[in-house]
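Here is a short report on one protein model. Look over the sequence and the structure first, then read on.

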Amino acid sequence: MATRFTKMHGIGNDFVIVDWREDAGRVPNAARIRALADRHTGIGFDQLISIEPSRDASCAFYYGLWNADGSPAAQCGNGVRCVAAWLYRDGVIERNEPVRLESPSGPVTVRVLDDHNVTVDMGEPDFDPARVPLDHAPHATYTLHAGGEEVSFGAVSMGNPHGVVFVDDLADPRIDHLGPLLTAHPIFPQGANIGFVQRVATDRLKLRVHERGSGWTQACGTGACAAAAVSQALGLAAPVVAVELPGGTLTIEWHGPGHTLWMTGPAAFVFEGEV
Ligand SMILES: N[C@@H](CCC[C@H](N)C(=O)O)C(=O)O
């Protein structure tokens, strides 16, 4: 059976979006996702995203998420901006109107702005290690051993698990090696997205993220939120931070505990297809 899809990206983190509003609760087969995600023999994407009717009456739609390796994901910052842009183009949401959408990790609120950027209330960063999940008692920072190195990191859930490592220089070649090792480190019982952060100024961070289930990506929206949240919690960053990723820049705004965190950035259409 043919499936129509839209190829989109959020600063280079790319997606295939399928409209399952008439076909809710479908769970794609992991082998099929891997085949479609293949950049040589498939369509190629970091995440597959479904748009479905919401299970939560307070939300307009539900979006499902799967990584390129076929594993399910619970949140995707760049993806939710693309979902909002897709729904706006479909005519079912208005510009400048806040809309609640249901993700696998709970509701978020999106707003398509006049300049076509999308701003998202991503909820409050959760530093409780049990919620990340992280196999450790609560601390401001943690230490693990990987690849013969002692690595210090912060951990936070943005609806999905993140480890945040501060580095002096993002060009350090050890990062290439450490990313996959940390993503799969047993201290993260469900794996984690690992962000390497270089502080340029209190309001400017450079970031590379090795994503669970998708490897190195051009950008990770929840990774940008995690980098800003951990930096701010440690007193290393201002409430409004520009986070520069290989594919582009996101603006993250967080005013500390008790407040939700906002992410703002673009969402782009690439092509429509049928597979
Ligand atoms: N690219 C995403 C995150 C996608 C999910 C992640 N790989 C996971 O398994 O948690 C983003 O923009 O946030």
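Where does the shell around the ligand lie, given that domain 1 and domain 2 both give residues to it? This shell lies between the two domains, because domain 1 (4-118 + 267-274) and domain 2 (142-259) both contribute to it. Keep in mind that the model is predicted.

**The ligand shell**

The ligand is surrounded by 19 residues. The closest are Ala73, Asn78, Asn160, Gly221 and Thr222. Helices α2 and α4 (221-233) each supply at least two residues of the shell. The largest share, three residues, comes from α2. The table sorts the shell by class.

| Class | Shell residues |
|---|---|
| nonpolar | three residues |
| polar | 13 residues |

**The nonpolar core**

In soluble globular proteins, nonpolar side chains tend to be buried together. Here, the largest nonpolar core has 76 residues. Ala84, Ala224 and Ala228 have the most contacts inside this core. Helix α2 (residues 77-89) gives the most to the core, with eight residues. Domain 1 and domain 2 both give residues to this core, so the core lies between them.

Take Ala224 as an example. Leaving aside neighbours within four places in sequence, Ala224 is in contact with Gly77, Leu207, Val243, Leu245, Leu250, Ile252 and Met263.

**A look at Arg34**

Arg34 sits in helix α1 (residues 30-37). Is Arg34 buried, exposed or partly exposed? Arg34 is partly exposed, because 16 other C-beta atoms lie within 10 Å. Not counting residues up to four places away in sequence, Arg34 touches Asp69 and Gly70. Arg34 and Leu48 are 14 residues apart in sequence, and their C-alpha atoms are 9.9 Å apart in space.

Note on methods:
Residues are numbered from 1 along each chain as its sequence is written. This is a predicted model: local features need pLDDT of at least 70, side-chain atom pairs count only at pLDDT 80 or more; totals for chains, interfaces and linings use all residues. A nonpolar core is a set of buried Ala, Val, Leu, Ile, Met, Phe, Trp, Tyr and Cys residues joined through C-beta atoms within 7 Å. A residue is buried if 20 or more other C-beta atoms lie within 10 Å of its own, exposed if 12 or fewer, and partly exposed in between; C-beta atoms are placed from the backbone. Helices (H or I, at least four residues) and strands (E, at least two) are DSSP runs, numbered from the N terminus. Domain bounds come from an automatic or database domain assignment. Two residues are in contact if their C-beta atoms, placed from the backbone, lie within 7 Å. A residue is near a molecule or strand if its C-beta atom, placed from the backbone, lies within 6 Å of it. Ala, Val, Leu, Ile, Met, Phe, Trp, Tyr, Cys and Pro count as nonpolar, Asp, Glu, Lys and Arg as charged, and the others, Gly among them, as polar.
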